[in-house]
Amino acid sequence: MKEEEHFKFSTGVVAYPIAITLFIWLVFWFEVRFGFNFTKFGIYPQEIKGLKGIIFSPFIHGDIYHIYHNTIPLFILSMALFYFYRPIAWKILLFGILISGFLTWCIGRPSYHIGASGLIYVLVSFIFFKGVFAKYYRLIALSLLVIFLYGSMIWYVFPIEENMSWEGHLSGLITGLAFALYFKKEIPKPQKYIWEDENYNADDDPFLKQFDENGNFIEYIEPKVEQQEQPTINYNYKEKED
């Protein structure tokens, strides 16, 4: 697939992340406005009733602090996903929710796990590792930017805070890495230069011919062409005889 087909801005790059973020805030507003508590719809590990949380948990948050710190990185990372990885963006989001949620259900503590942080770790992990594996300069730059912005999140895959679902974070990290290894098609390939071709012959390279065996530039001077004297044409006029 050509480069311009990948890195092409469209309304979906902004519209889809906005829609996802607004839906999460709408769910939170509904809870606060009508006095509901959707925590019981979160992931509850190792119990059948907790399986429904695999789908619902990313849209449920405990308080304003929780939703604020989740929706901002989710919005930024999902925009990057739809711009740089448009052909597989929805696959990453949907399967990321399902697989990371199921892993959380498998390894989590017996408590309700809610929030979009697991999906955020999927995006951080996928974008970083995919850029490294693809070896494409734009994707590598994106990977470095993600590490600069969210590199400190790596500490939260360990149980350093009691009320934080480190299991969800770890599940998201593993899922993102797996996606980076699995999704190889429809990813822009690094530009291949002429000297990387297996049939490349340095002796035929017109650029290298300008240097000698020691790497010194050979100045090319066009040979002077001797100008030949132009023949002189003389015209003789004779009067016409009667």
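## The cavity and its lining

The largest cavity has a lining of 17 residues, and among these Ile43, Ser57, Thr104, Gly115 and Gly118 lie nearest its centre. Two elements, helix 5 (89–107) and helix 6 (117–134), each give two or more residues to this lining, and the largest share, four residues, comes from helix 5. All of this is read from a predicted model rather than from an experiment.

The volume of the largest cavity is about 170 Å³, and the structure holds one cavity of 30 Å³ or more.

Ser171 is placed in helix 8, which covers residues 166–182. Is Ser171 buried or exposed? Its relative accessibility is 1%, and because buried means under 20% relative accessible area, Ser171 counts as buried.

When residues up to four places away in sequence are not counted, Ser171 touches Ser100, Leu103, Thr104 and Ile107. One of these partners, Thr104, is also among the residues that lie nearest the centre of the largest cavity.

## Two salt bridges

The count of salt bridges in this model comes to two. In one of them, Glu167 is joined to Arg109, with the closest N and O atoms 2.7 Å apart. This pair links distant parts of the chain, since Glu167 belongs to helix 8 while Arg109 sits in the loop between helix 5 and helix 6, 58 residues apart. The two partners can also be described by their accessibility: Glu167, at 1% relative accessibility, counts as buried, whereas Arg109 is partly exposed, with a relative accessible area of 31%.

In the other salt bridge, the side chains of Lys49 and Glu47 meet at 3.8 Å, taken from N to O. Here Lys49 is partly exposed, its relative accessible area being 45%, and Glu47 is likewise partly exposed, at 33%.

## A nonpolar patch on the surface

Which residues form a nonpolar patch on the surface? They are Phe23, Leu26, Trp29, Phe30, Phe34 and Phe36, and together they have about 620 Å² of accessible area.

Phe30, one of the members of this patch, lies in helix 2, which runs over residues 11–34. Its relative accessibility is 34%, so Phe30 counts as partly exposed; a patch residue needs over 30% relative accessible area, and the value for Phe30 is 34%.

Technical notes. Residues numbered from 1 in each chain as written. Predicted model: local features only at pLDDT ≥ 70, side-chain atom pairs only at ≥ 80, totals over all residues. Heavy atoms only, no water. Patch = residues over 30% accessible without salt bridge, like charges linked within 9 Å, V, L, I, M, F, W, Y side chains within 5 Å. Areas by Shrake-Rupley, 256 points an atom, 1.4 Å probe, with all protein chains shown as cover. Salt bridge = Lys/Arg side-chain N within 4 Å of Asp/Glu carboxyl O. Buried < 20%, exposed > 50% of the residue type's maximum accessible area, 1.4 Å probe, protein only. Contact = heavy atoms within 4.5 Å. 1 Å grid on protein atoms, 1.4 Å probe; cavity = no way out; pocket = protein on both sides within 12 Å on 5 of 7 lines; lining within 4 Å. Points joined across faces, edges and corners; volume = space filled by probe spheres on them.
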